[in-house]
Amino acid sequence: MSQQTTFNLSLPIAIGSDHAGFDYKEEIISYLEAKGLQVKDVGAFSSESADYPDFAHPVATLVEREQAAFGILVCGSGNGVAITANKHQGIRAAICWGEELARLARCHNNANVLCVPARFVDDAVTKQMVDVFINTTFEGGRHENRVRKIACL
């Protein structure tokens, strides 16, 4: 997986959620599509109980294979989807609950999956985090070596 500083928005944005994040996922999809961005929705497709790994793995795989610009995962706490996605090589999934965390995840950690804790942020903050995540570039420099050390090779 390459160390891009910006996202290739000619690719779709991969998105997934469990039941707890379903409503937020639907809101995010509408928000992104209204901006003219492509979205690849891997589910869940209802608010019925669902297991977060069933959606986190497909999102991470799309990002890992460079078939998606980046990923967005939503669950109740953000923890389950982040833990799952971070099992994939080249994935740097970050739980964010505010704009500053989303900015730092991108500029310092080159995060490529935004994990949203639906039970702890409102939809306005979520949209702001999505915008910040999309528009913040990885700084590189002193952070480049640190990000390189994340992978278990």
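Which residues is Cys 75 in contact with, leaving aside its neighbours within four places in sequence? Here are some friendly notes on that and on the rest of the chain.

1. Before you start: this is a predicted model, in which local features need pLDDT of at least 70, side-chain atom pairs count only at pLDDT 80 or more, and totals for chains, interfaces and linings use all residues. Residues are numbered from 1 along each chain as its sequence is written, and side-chain values use heavy atoms, with hydrogens and water left out.

2. To take the opening question: Cys 75 is in contact (heavy atoms within 4.5 Å) with Asp 18, Ala 20, Gly 21, Gly 80, Val 81, Val 116, Pro 117 and Ala 118, leaving aside its neighbours within four places in sequence. Cys 75 belongs to strand E3, residues 71–75. Its relative accessibility is 4%, so Cys 75 counts as buried (under 20% relative accessible area; exposed is over 50% and partly exposed in between, with a 1.4 Å probe and protein chains only).

3. The UniProt record, an unreviewed entry, places the feature "active site" at Cys 75 and His 108. These two are spread over 34 residues of sequence and are also spread in space, up to 23.8 Å between C-alpha atoms. Please keep in mind that UniProt annotations may be inferred rather than shown by experiment; their positions are given in the numbering used here, with feature names shortened.

4. Now for the other annotated residue. His 108 sits in the loop between helix H4 (99–107) and strand E5 (113–117). With a relative accessible area of 25%, His 108 is partly exposed. Not counting residues up to four places away in sequence, His 108 touches Phe 138, Glu 139, Arg 142, His 143 and Val 147.

5. On the overall fold, the protein chain has six helices and five strands, arranged along the sequence as β-α-β-α-β-α-β-α-β-α-α. Helices (H or I, at least four residues) and strands (E, at least two) are DSSP runs, numbered from the N terminus. The C-alpha trace spans about 45 × 30 × 30 Å along its principal axes.

6. Among contacts with a separation of 6 or more, 71% come from residues 24 or more positions apart.

7. Finally, the surface. The accessible surface of the protein chain is about 7400 Å², with 49% of it belonging to carbon and sulfur atoms. These areas come from the Shrake-Rupley method with a 1.4 Å probe; for residues, only the protein chains shown count as cover.
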